[in-house]
Amino acid sequence: MSTFLHQRPLYSPLSDPDPLSPRQSFSSQRQISLFSRTGLIALLSLLLILGVILPWTGTPSIFSATKPASLTKWQQYTLSQAVSFVAKNKTVIVCAVSQPYLPFLSNWLISISRQKHQDKVLVIAEDYATLYKVNEKWPGHAVLVPPAPDSQTAHKFGSQGFFNFTSRRPRHLLHILELGYNVMYNDVDMVWLQDPFPYLEGNHDVYFTDDMAALKPLGHSHDLPPPGKKGRTYICSCMIFMHPTDGAKLVLKKWIEELQAQPWSKTKKSNDQPAFNWALNKTAGQVDLYLLPQAAFPTGGLYFKNQTWVQETKGKHVIIHNNYITGFEKKIKRFHDYGLWLVDGHASESPLGKL
C-alpha cells in the first residue's frame, strides 16, 4: 500500500538559530529517547503490530513496499494457474472459505485425506488472511479471485455478506468448467466417510443431493425431484459435481441469472440455494441431471435427527453435511457429539497441520 507514517521533524540544537532556553532543555531531557530501553521496546512492539499482525487480518501495512515476495506471488496467482496445479485426471475438488471457517476447512481436509483425494483440493480463499495461511502451510492450494468480500460478515447466515460470499460460487465453478475440468464443490461443514467418486457414475452433466429430510426408498429415482410448496425443488447447493459440458455450463449461467434477479434485501434475506434450484428447474429439459442416493449423501436434517434411519443405513453413508443448524459453536458441538470433529486429535492428518 502507499500509506506511510508521518513524523514531526527532529531538529538539532546545532542548526537552531534560537537555542533552547534552560527550561526547554530540562523538559526535553525528560522525553523518552528512541534509543533508550523503553524507546526500543516501544519501537519493537510497533514493528510487531504493523509488520506481523496486520497482514494476517487483511489490514493494509505501511511495509507493503517491502512485502515478502511470497505474499505478492499469491496475490497474483490466478484461478487458471491454481486449477492447473492441483487437478488430477482433469478433476478438481473446490471449496470456498473465509478465515472464521479455517477449523472446518482443516476438519474437512482430514476426512478427504483419509480417502486419498486431498491433492486435488483447491481452496478458494475469500479473504487475504486465508489465502496466505493456506498457501503458507500448503503452497499452491489456495487462490483468491478478487475482489474479496467482507470477511467479517461472510460467515453470518442470512446476512448480505453471506449472500455476497455464496453468490460468487457459480462464477468460480463456471470458470473451472470453461477451462475444461470436472469440478466437485463441497461446503466445508462436511465430513467424508467414504470415497464419493464411485457414486458419480455415468456421464451426466450435473450431480447433486436433496436437502429434504423426508425419507426416500433405498432404490429411489435419480431424476430431479418434484417441486415443493414454493414451486421449486429443495436441492442442496453444498455438494455438486459437474462435467465440463454445455449442459452443466447452462445450469451455472442460469444460476448466475437467477441470483441477479433475486438480490439480497433486508426483507428477503436470501442465499444462493433458491437460485440454484430455480436454475435446475428451468433447465431440466435441456440438461442431464442426476440425484445422488440419499443413503450415501444425507442432509443434516436426516442424519443428525433420525437415529433409527442412521442405524438402518449403517455403512452406506459417504458424505455427511452438518446443516439444519447455524452457528460455529453449535456445528462444532454436533460434530463432537457424533465423533466427526477430527481436528483436535488428528490435526497431523490435515495438509494444513495444526492451525
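1. A disulfide is a pair of cysteine sulfur atoms within 2.5 Å. In this predicted model, C236 and C238 meet that cut-off, with an S to S distance of 2.1 Å. The structure holds 1 disulfide.

2. Look next at the handedness of the bridge. The torsion about the S-S bond of C236 and C238 is about 130°, so this disulfide is right-handed.

3. Are C236 and C238 buried or exposed? Both cysteines are buried. Another cysteine to check is C95. Its relative accessible area is 0%, so C95 is buried too, the cut-off being under 20%.

4. Now the cavity. A search of the whole structure turns up 1 cavity of 30 Å³ or more. The largest cavity contains about 60 Å³ of space. Its lining is made up of 13 residues. Closest to the centre are T209, C238, F297, P298 and H321.

5. Which elements give two or more residues to the lining of the largest cavity? They are β6 (206–210), β7 (235–242) and β9 (319–321). Of the elements, β7 gives the most, with 3 residues.

6. The lining of the largest cavity has 7 nonpolar residues, 4 polar ones and 2 charged ones.

Methods. Residues are numbered from 1 along each chain as its sequence is written. This is a predicted model: local features need pLDDT of at least 70, side-chain atom pairs count only at pLDDT 80 or more; totals for chains, interfaces and linings use all residues. Side-chain values use heavy atoms; hydrogens and water are left out. On a 1 Å grid over the protein atoms alone, a cavity is a set of points where a 1.4 Å probe fits but cannot get out, and a pocket is an open set with protein on both sides within 12 Å along at least five of seven lines; lining residues have an atom within 4 Å of a point. Grid points are joined across faces, edges and corners, and a volume is the space filled by probe spheres set on the points. Helices (H or I, at least four residues) and strands (E, at least two) are DSSP runs, numbered from the N terminus. Ala, Val, Leu, Ile, Met, Phe, Trp, Tyr, Cys and Pro count as nonpolar, Asp, Glu, Lys and Arg as charged, and the others, Gly among them, as polar. Buried means under 20% relative accessible area, exposed over 50%, partly exposed in between (1.4 Å probe, protein chains only).
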